[in-house]
Amino acid sequence: MKFDIKKLLNSLLPSLIAGGLGTVFVILDFVNYDSLNTPFLTPPSYVFGIAWTIVYILCVISTYLFLSLTTDGELKQKGIINYYINMFINLLWTVTFFGLGNLIAALILLVLLYLSTLSMYLTYRKVNKLPSNLLIPYLLWLLLALYLNICIVFLN
């Protein structure tokens, strides 16, 4: 497998944009997350930044590997479109939850984000297990996020 800058940029830019813009809304924290009633098993605040950083890095590596290993043009296009949509939904969730404070709409977006990530996993799996397996922490993290978002909706 030969290094390809175009594949790297296609993998890196969506995560940088989603993560970077998302961080702005988290920092601004229009909702004041610390004032929300949160459920049992809510990680300390510092864990979120670490976990999301790891998730974004794994998404970049996974997508780069997928693009590098895929020879089927149609499958490659499906995978990259899915990834771009996933990062867009990811950003929309952050804006909706932290920027707009709309917890129910954020929950709906989180379900869509999980389904999009699952679709990425299944698409990447058609090419090779490694790119898809790198998405497993993302899927697990989203399950925790779903639990937290559902509980926050009911507790607030």
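This is a predicted model: local features need pLDDT of at least 70, side-chain atom pairs count only at pLDDT 80 or more; totals for chains, interfaces and linings use all residues.
Q: Which element has the lowest mean pLDDT, and which the highest?
A: Helix α1 (residues 5–28) has the lowest, with a mean of 87. The highest belongs to α4, at 98.

Q: OK, on to aromatics. How many aromatic pairs are there?
A: The structure holds 13 of them. Take phenylalanine 48 and tryptophan 141: their rings sit 5.8 Å apart, centre to centre, with 65 degrees between the planes.

Q: Stacked or edge-to-face, that one?
A: Edge-to-face, because planes over 60 degrees apart count as that.

Q: Where in the fold are phenylalanine 48 and tryptophan 141?
A: Phenylalanine 48 is in helix α2 (residues 45–69) and tryptophan 141 is in helix α6 (residues 136–155), so the pair ties together parts that are 93 residues apart in sequence.

Q: Is phenylalanine 48 buried or exposed? And what about tryptophan 141?
A: Phenylalanine 48 is buried, at 18% relative accessible area. Tryptophan 141 is buried too, at 12%.

Q: Which residues do the ring pairs link into a cluster?
A: Phe48 and Trp141 are both in it, along with Tyr33, Trp52, Tyr56, Trp93, Phe97, Phe98 and Tyr138.

Q: Switching to helix packing. How do α3 and α4 cross?
A: The axes of α3 (residues 73–99) and α4 (residues 103–125) come within 9 Å and cross at roughly 160 degrees. That angle is over 145, so the two helices are roughly antiparallel. Their crossing is left-handed.

Q: What kinds of residues make up that contact of α3 with α4?
A: By class, 16 nonpolar, nine polar and one charged.

Q: How about α3 and α6?
A: Their axes come within 14 Å and cross at roughly 25 degrees, which makes α3 roughly parallel to α6. The crossing of α3 and α6 is left-handed.

Q: Where is leucine 41, and is the residue buried or exposed?
A: Leucine 41 is in the loop between α1 and α2, and is exposed, with a relative accessible area of 55%.

Technical notes
Residues are numbered from 1 along each chain as its sequence is written. Side-chain values use heavy atoms; hydrogens and water are left out. Rings of Phe, Tyr and Trp (its six-membered ring) pair if their centres lie within 6.5 Å; planes under 30 degrees apart count as stacked, over 60 as edge-to-face and the rest as tilted. Helices (H or I, at least four residues) and strands (E, at least two) are DSSP runs, numbered from the N terminus. Buried means under 20% relative accessible area, exposed over 50%, partly exposed in between (1.4 Å probe, protein chains only). Axes are lines fitted to C-alpha atoms, for helices over the stretch in contact, and angles run from 0 to 180 degrees between N-to-C directions. Angles under 35 degrees count as roughly parallel, over 145 as roughly antiparallel, 65 to 115 as roughly perpendicular and the rest as oblique. A crossing is left-handed if the near helix is turned anticlockwise from the far one by less than a right angle, and right-handed if clockwise. Ala, Val, Leu, Ile, Met, Phe, Trp, Tyr, Cys and Pro count as nonpolar, Asp, Glu, Lys and Arg as charged, and the others, Gly among them, as polar. pLDDT is the predictor's confidence in each residue, from 0 to 100.
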